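I opened the model today to look at a few places in the fold. My notes follow in the order in which I looked things up.

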Amino acid sequence: MKHILSILFLLALLAGCSPRHHYEVDRDQFPVKGIDVSAHNGTIDFERVVADSVSFVYIKASEGTDFCDAMFERNLRSASDAGLWVGAYHFFRFDSPGHLQAYNLLNTVGEFDLDLPLAIDVEEWTNADDMPTNTVVEQLASMVSVLEAAGYRVVFYTNKQGYNRYIAGFFSKVPVWLCSLEGEPKDDWTLWQHSHEGRVQGMHGPVDINTFNGSAEEFRTWLVPRPQKAAQEETPEDLYEDPTEDQSYTQ
């Protein structure tokens, strides 16, 4: 048993989050609550989710260059019909070209109406561990560039380790959705994932719980129902900050 617990602890550290799986947030300070889901969560009764004071949901849409979540369309339609603000997220693969991953995400979300910026999930967990930092950052910049050229705003989901290695010092213009299970993140954040063991009505098991950094009014201002094509496109060079100008990044 001790051996098993040690392994679980190490895996949690590698994932960038504490072995603790839940942190309770002060809802008077942070009133806007959300969840993120995928096919792994099974069938969800979103009417009951809404009744449990959940305001928004991020739904897994795609991964890499060719994977689409089997429950994406059903989850999106059901959540939207129930009155939730909806968004889509993509799990980023370090060993796949960023622009092709962007096309996969765009093809998956299609013409669905989304209320939240597209989220790119950036973490070392299950990814190739031998990819140079600069390579990953360049592919992320390529993906962001394609998505923004298509008229979408973007947010990065990551943990402390992923933030320090791939985001900080490179993408100051992109808001961040941070996983921190021991307390409020010390870095600037827009969304905060603070539980992997949340309990919400309408779901058969634990779910990730998230919080918006602001009031309900500020959250509504942050929403983007269906962004139009950007009037002025940014190039990858605009999005990617040269690491040679700041040696604080980690290889």
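**After helix H6**

I started at Gly169, which sits just after H6 and takes a positive phi of about 85°. The model is a predicted one, and I read it as such.

I then went back into H6 itself, which spans residues 160-167. Which residues of H6 are buried? I noted Gly162, Tyr163, Arg165, Tyr166 and Ile167. I also looked up what covers the buried residues of H6, and the cover includes H5, S6 and strand S7 (176-179).

**H5 against H6**

H5 and H6 pack with their axes 9 Å apart, at an angle of about 85°. An angle from 65 to 115 degrees counts as roughly perpendicular, and H5 and H6 are therefore placed in that class.

For the residues that meet, I wrote down Thr133, Val136, Val137 and Leu140 from H5. On the H6 side they meet Arg165, Tyr166 and Ile167. Arg165, Tyr166 and Ile167 are also among the buried residues of H6.

**H4 against H5**

How far apart are the axes of helix H4 and helix H5? The axes of H4 (residues 98-109) and H5 (residues 133-149) are 7 Å apart, and the helices pack at an angle of about 40°. H4 and H5 are therefore oblique to each other. The crossing of H4 past H5 is right-handed. From H4, the contact is made by Gly98, His99, Gln101, Ala102, Tyr103, Leu105 and Leu106. From H5, it is made by Gln139, Ser142, Met143, Val146 and Leu147.

**Asn159 in strand S6**

Asn159 belongs to strand S6, which covers residues 154-159. Is Asn159 buried or exposed? Its relative accessibility is 4%, so Asn159 counts as buried. A polar atom of the Asn159 side chain lies 2.8 Å from the backbone nitrogen of Gly162. Gly162 is itself one of the buried residues of H6.

**Glu123**

I moved on to Glu123, in the loop between strand S5 (118-121) and H5. I looked up its accessibility because a residue under 20% is called buried. Glu123 has a relative accessible area of 11% and is therefore buried. Which residues does Glu123 touch, if those up to four places away in sequence are not counted? I noted Phe91, Phe94, Tyr157 and Asn159.

Thr126 is a residue other than glycine, and its phi is positive, near 70°.

**Gly64**

Phe91 turned up again at Gly64, which is in contact with His90, Phe91, Arg93, Gln101 and Asn104, leaving aside neighbours within four places in sequence. Gln101 is also one of the H4 residues that make the contact with H5. Gly64 lies in the loop between strand S2 (56-63) and strand S3 (67-68). With a relative accessible area of 5%, Gly64 is buried. Gly64 and Phe91 are 27 residues apart along the chain, and their C-alpha atoms are separated by 6.6 Å.

**Exposed loop positions**

I also looked up two loop residues at the surface. Ser53 lies in the loop between helix H2 (46-51) and S2. Ser53 counts as exposed, at 56% relative accessibility. Its phi is positive, about 65°, although Ser53 is not a glycine.

Lys173 is in the loop between H6 and S7. Lys173 is exposed, with a relative accessible area of 56%. From C-alpha to C-alpha, Lys173 and Val154 are 9.7 Å apart in space, and they are 19 residues apart in sequence.

**Whole chain**

The chain has 8 helices and 9 strands. What share of the 251 residues is buried? Buried residues make up 53% of them. Of the contacts with a separation of 6 or more, 70% are between residues 24 or more positions apart. The chain exposes about 12,400 Å², and carbon and sulfur atoms supply 50% of that area.

Conventions:
Residues numbered from 1 in each chain as written. Predicted model: local features only at pLDDT ≥ 70, side-chain atom pairs only at ≥ 80, totals over all residues. Heavy atoms only, no water. Helix = DSSP H or I, 4+ residues; strand = E, 2+ residues; numbered from the N terminus. Buried < 20%, exposed > 50% of the residue type's maximum accessible area, 1.4 Å probe, protein only. Contact = heavy atoms within 4.5 Å. Areas by Shrake-Rupley, 256 points an atom, 1.4 Å probe, with all protein chains shown as cover. Polar contact = N/O pair within 3.5 Å; in protein donor to acceptor, adjacent residues only side chain to side chain. Axes fitted to C-alpha atoms, helices over the stretch in contact; angles between N-to-C directions. Parallel < 35°, antiparallel > 145°, perpendicular 65-115°, else oblique. Left-handed = near helix turned anticlockwise from the far one by under 90°.
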